[in-house]
Amino acid sequence: MTQNNEKTNDAPTKRRRNRRPRHSNRPKELPEIFFCGDPHGEFEQINEAVRLHKPAAVVILGDLQPPAPVEELLEEALALTDVWWIPGNHDTDTDEFYDRLWRGPLASHNLHGRIANIAGLRIGGLGGVFRGQVWMPDGTPNYFCPATFIRRVGTGNVWRGGLPRRHRSTIFPSVYQNLMRQRADVLVTHEAAGCHRKGFVAIDRLAKALNVKWHFHGHQHEDRVYGQHQNVTVRAVGYRGVVNLKGEVVIPAQMDPREAAALQTAIDWANRTAETALIEVRDPKTGAMCVLPPSEATTPSMLAAAAAASAKLLAYPSGDVTPREREEALGREVAKQAPGGRFKPWTSPKPKSEGKAAPKDEGAKEPCASRGRRESARSKAKARRAEAGNAVKNDAKRNVREEAKRDAKCARSANAGNAPATPTAAPAEGAVKPAPSRNAPGGKTRRPRRRKGRGKPKE
Ligand SMILES: [Fe+2]
């Protein structure tokens, strides 16, 4: 009664009706648990983190791909702490990877599809990836559980009496729904959360159903701090990186080799674009010439194109052009023969004349359409000039004939007793004046142009 009275007296001041229930089993001080991004065959960073900080547990977020037995690779870490893991999509690439993980000493520490109490925290795991052959979230699953898959596929697809090895890292709806009915403090997945551009909202729903406070994922090889996402602290652990439960970096992540290769290719391409000059390389053994950018070797197809271009370059007279023109011509030859090359065919200049350099073929540098128009205009002007020259010649001939006629006429009149008429004398009165030549200077008479469809013009 005394206790009831005390409760009654304290009731107005200590009402906790709307407060959320506290997690009584969650430790007040967070344990030191490390989460390791995709190791992809390299485990030294995990051993180093454990050696330096001695955490309570280590959880590997998939894609281990152990090149040797795991107990040998993680010997130092296993001696100091517990090592847990979830499978990644690459852990079923080979039989060796599968056996070292699923049939090794760490097989019992596989967190896929279950909740485990690790250092006082309930950690739930969902390894593997979504595959469309089985189920993509928010779609109708083709197979609900592994047993359904085995029943429907042929016996040729069965591996070791069960699921094909590849689908042993596939998320089945049955595993996902089984997790949805449980509770946990931390969720570890290989697939990314919905806040990642390649993530899944289904992972967010699982985190919400589990009522977790932290979510760590791997797979994307990106070290990202998302912050709070739907009341869950989401953290992406990068390639071979190690972080603790607070999301603090213990071992910095490395750059994904694929991204590093793509970045290096982009840098090389930028350098190659900036440096227009190409270098010629002669094989000391075979003597074959090859053209390469100064930075690095090119692809095999470019090598073939460069070798072919070098043959033409060697035939090109080196004394005719400047080095820059020579390099440009060489670049055009390489690009023309390379896949996707768009340079127009390059024509070699005419052979050098005696004691004089061959003139540059400027027409070859111009676009074909403008060159055609210019040649057409030139030919028309030439025709007009030729026509005018012919007209002058014809007028001269005509004048000579008329003078010869007048001389002959004067000679006849002299023989007949009339006064001789000099060619330069003015014509006699009544004589018929010759019509002026149409083409003679000052004697042009333009005939009216006839219009189509209107008959002859009126005089
Ligand atoms: Fe990976």
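View 1. Two strands pair if DSSP finds at least two bridges between them; strands (E, at least two residues) and helices (H or I, at least four) are DSSP runs, numbered from the N terminus. This is a predicted model, in which local features need pLDDT of at least 70, side-chain atom pairs count only at pLDDT 80 or more, and totals for chains, interfaces and linings use all residues. Residues are numbered from 1 along each chain as its sequence is written. The 6 strands follow the order E4-E5-E6-E7-E9-E8, with mixed pairing. Strand E4 (114-118) and strand E8 (224-229) are the edges, each pairing on one side only.

**View 2. Strands E7 and E9.** Strand E7 (residues 214-217) and strand E9 (residues 232-236) run parallel and are joined by 4 bridges. Trp-214 has Thr-233 in E9 as its bridge partner.

**View 3. The largest nonpolar core.** A nonpolar core is a set of buried Ala, Val, Leu, Ile, Met, Phe, Trp, Tyr and Cys residues joined through C-beta atoms within 7 Å. A residue is buried if 20 or more other C-beta atoms lie within 10 Å of its own, with C-beta atoms placed from the backbone. This core has 63 residues, and those touching the most other members are Phe-35, Cys-36, Val-58, Val-59 and Val-188. Helix H8 gives the most to the core, with 5 residues.

**View 4. Helix H5.** In helix H5 (residues 95-102), the buried residues are Phe-97, Arg-100 and Leu-101. Seen down the axis of H5, they fall within an arc of 90° (taken from the directions from the helix axis to the C-beta atoms), so they line one face of the helix.

Definitions and conventions
A residue is buried if 20 or more other C-beta atoms lie within 10 Å of its own, exposed if 12 or fewer, and partly exposed in between; C-beta atoms are placed from the backbone.
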